[in-house]
Amino acid sequence: MSLNEIIYKFENIVGSSYVIHATEDLIAYEYDGSIDRSLPNIVVIPKNTKQISEILKICYTNQVPVIARGAGTGLSGGAIAQNGGVSIGFSRMTEIIEIDPENHLAIVEPGVINSELSEKVSEYNLYYAPDPSSQQVCTLGGNIAENSGGLHCLKYGVTTNHIIGMEIALSNGDLVWVGDKTRESPGYDLRGIVIGSEGTLALATKLVVRLLKKPETVKTFLAAFKSISDASEVVSQIISSGIIPSAIEMMDKLAISAVESSINPGYPHNAEAILLVEIDGLHEAVIEESKDITQIFKQYDLLELREAQDEKERINLWKGRKGVLGALGHLAPNYYLVDGTIPRTKLVEVLEKINQISKKIKLPIANVLHAGDGNLHPAILFNERNTSERDKALEAGAEILKICVEVGGVLSGEHGIGLEKQEYMPLMFNQSDLKSMSNLIYAFDSPNFNPNKIFPTGKKNITEINQSGIISQSGSEIFI
Ligand SMILES: Cc1cc2nc3c(=O)[nH]c(=O)nc-3n(C[C@H](O)[C@H](O)[C@H](O)COP(=O)(O)OP(=O)(O)OC[C@H]3O[C@@H](n4cnc5c(N)ncnc54)[C@H](O)[C@@H]3O)c2cc1C
């Protein structure tokens, strides 16, 4: 079937306003939050599951690549159509279908924005726990595909712990439920398999999400340190004391300076690192834990220890952390945000190595960490118009990920593998591991869903591959 025939069929399903195919319009869909860029051939924006099913049937019959797209904030290239194909946008599937306050559940469409769900259920004193820093814009469908984490996932767990069931669309257009409203479901845990599969196995079309009761008491501390190693040690000490804060976030001096020059949440300028530590729960327990945490802080020569006095101050402290990536724009035109996870006890060692890499490549690296989880986000600052800087940033990112794996960590804490890290997968997995994972694509019969992502293609540098125009694993043009 020709491109024009497919466009015509899609227009009959969703209406011509929701089928985008002119190059100048497609440009808005060529990127996500990562470095790579590539144009889809068509963007189609369905309104409901039935339309998705019909679109998928056409794509399946014609072997057309399908790339799901939420808000395009992904940081590993998941929503990029690197081989062309059909990008299915979820921006019209934003309905909160049902809120069940008694059972602490909601059924929602995948285009719902993460923070909007918490706002909508707030009147029932409930909220949705996973809170990526991008939560004001990213969608729950994207969160599922990446198994996203967030600032408060240390205590409450990541996306997979909060989705108990899903309606999914298979590549041939069939609709299937995996999991449901009850917490336990017999048979294979297909829900668990689809979550984190980065749009390669199925498209999520309805979600049953778990809601939590808002905590009775919340306390938030800002601690400013003279050295990043002291801050790292405190993280390990808090966790080994048995307290599980809802969040322990760290930012280094460069990240603080970016935030202070734009958002200005009042972080101490002279600090080498700050920690934001939040504890929540029943009032008495929080009071006890705050005393214990304060004792740990006091063992160190802090520049400042501040406790948010009210909700306004608490929100202000978090505003800086949540806005840090945008704020990096004050320091450089681009950043390459690395996402690796290491054992917490290795924080000091790995941060020192990152510092050495920064000196070696002569590019600044700002460190932002979900420190409690050992999840590092070194942001390598560069100018993408300078190709040498761009190459150095990519090489440094690879080196950092290698270090993460060497110290017993993993390639991704929350941003997924996508295009960005697929070539590094052999650092963690052997051929049999990779084969057993990739066999799922055949089990789901989904080779046209987000093709050639996650798994290594054997090419060293995916960015070079895209730039040189090699467009598929087999070397043949997949689409039309
Ligand atoms: C400033 C900033 C801060 C961030 N902070 C965090 C953070 O704290 N924690 C974190 O985990 N991530 C973070 N991210 C990364 C990103 O926001 C998350 O990965 C998010 O889940 C992506 O959602 P999205 O709607 O933008 O998805 P997209 O980028 O559009 O897509 C991401 C992946 O999801 C797939 N997908 C989308 N919808 C569906 C669907 N319905 N069914 C199946 N697959 C689908 C796509 O194909 C793609 O593979 C941040 C990004 C930015 C830019």
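Two residues are in contact if their C-beta atoms, placed from the backbone, lie within 7 Å. This is a predicted model, in which local features need pLDDT of at least 70 and side-chain atom pairs count only at pLDDT 80 or more, while totals for chains, interfaces and linings use all residues. Residues are numbered from 1 along each chain as its sequence is written.

**Exercise 1.** Find Pro40 and work out which residues it touches, not counting those up to four places away in sequence.

*Solution.* Start with the location: Pro40 sits in the loop that links helix 2 (23–26) to strand 2 (42–44). Helices (H or I, at least four residues) and strands (E, at least two) are DSSP runs, numbered from the N terminus. Next, list the contacts: Pro40 touches Leu26, Tyr29, Ile67, Ala81, Gly84, Gly85, Val86 and Ser87.

**Exercise 2.** Is Pro40 buried or exposed?

*Solution.* First, the rule: a residue is buried if 20 or more other C-beta atoms lie within 10 Å of its own, exposed if 12 or fewer, and partly exposed in between. Then apply the count: Pro40 has 27 C-beta neighbours inside 10 Å, so it is buried.

**Exercise 3.** Describe the open sheet of five strands and say which strands stand at its edges.

*Solution.* Begin with the order, which is 5-6-10-8-9, with antiparallel pairing. Strands count as paired if DSSP finds at least two bridges between them. Strand 5 (96–100) and strand 9 (175–179) each have a single partner strand, so they are the edges and one side of each lacks a neighbour in the sheet. Now look inside the sheet: strand 8 (residues 163–169) and strand 10 (residues 203–210) run antiparallel and are joined by six bridges. Glu167, for example, has Lys206 in strand 10 as its bridge partner. Finally, helix 3 (residues 49–61) packs on the sheet and touches strand 8, strand 9 and strand 10.

**Exercise 4.** Which residues have the most contacts inside the largest nonpolar core?

*Solution.* Such a core is a set of buried Ala, Val, Leu, Ile, Met, Phe, Trp, Tyr and Cys residues joined through C-beta atoms within 7 Å. The largest one has 67 residues, and Ile274, Leu275, Ala379 and Ile380 have the most contacts inside it. Strand 14 (residues 273–281) gives the largest share, six residues. A second, separate core has 55 residues, including Val86 and Leu207.

Conventions:
Axes are lines fitted to C-alpha atoms, for helices over the stretch in contact, and angles run from 0 to 180 degrees between N-to-C directions.
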